Amino acid sequence: MKKKIYGLTGMSGAGKTTVSGVFKDCGFEVINCDKVAREVTEKGTACLNEIAKKFDGVINPDGTLDRKKLGSIVFNDSDQLKLLNDTIYPYITYRVIKCIEKADGEYILLDAPTLFESGIDFICDGVISVVCDREKSIERIMARDNITKEMAQSRLSSQYDKDYYVKKSLYAIENNGTQQELIKASENIAVQIIRGI
């Protein structure tokens, strides 16, 4: 059985979590790439050892990663962020491929906010992006993460815009309406993929 692999990505605050849940309900096996990223940087891993060599003072006394400290180093420095990404993405990709090999289902969804940045879209049969208007995205990030408008804008400014995702995707879900509309649009795409329409 050849597995069909689809990547799910999109803007922060656009509704990827909801879409991911709908695809799971429709029979897709979901691999959460954020979870994989946390696993590959756990205490004692080869990836964490590599990070420790490249970034000063990012390991807690108990040997775990100080995510806040690392975030403060890479958040506003694109060279440092590139160094971090170049370090962790190969580990993430390897782990994701292993998860795909172990998966029982035929249809797999990679829930990957940094799908394009990591280059893992190369293993996907298609990409589904969730996008929304910038103002909507800012509102949702503020509500979800309980942060100020400035912080939400700053987070968005380091990401691709809506058009980028739409151009690079086989399916783009525009989520400016209700939760119900988002669920319906997601179900339609999941069913189309499974039926091979």
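Author: Ser186 counts as buried because its relative accessibility is 0%; buried means under 20% relative accessible area, exposed over 50%, and partly exposed in between, using a 1.4 Å probe and protein chains only. This is a predicted model, where local features need pLDDT of at least 70 and side-chain atom pairs count only at pLDDT 80 or more, while totals for chains, interfaces and linings use all residues. Residues are numbered from 1 along each chain as its sequence is written, and side-chain values use heavy atoms, without hydrogens or water.

Ser186 sits in helix H10, residues 179–195 (helices are DSSP runs of H or I with at least four residues, strands runs of E with at least two, numbered from the N terminus). Setting aside neighbours within four places in sequence, Ser186 is in contact with Val19, Val22, Phe23 and Ile173, contact being heavy atoms within 4.5 Å.

For a contrast, turn to Asn146, which counts as exposed because its relative accessibility is 72%. Asn146 belongs to the loop between helix H7 (134–145) and helix H8 (149–157). Although not a glycine, Asn146 has a positive phi of about 55 degrees.

Further out, you'll find eleven salt bridges in the structure, each a side-chain nitrogen of Lys or Arg within 4 Å of a carboxyl oxygen of Asp or Glu. One of them joins Arg95 and Glu39, at 3.0 Å from N to O. Arg95 lies in helix H5 (residues 78–102) and Glu39 in helix H2, so this pair ties together parts 56 residues apart in sequence.
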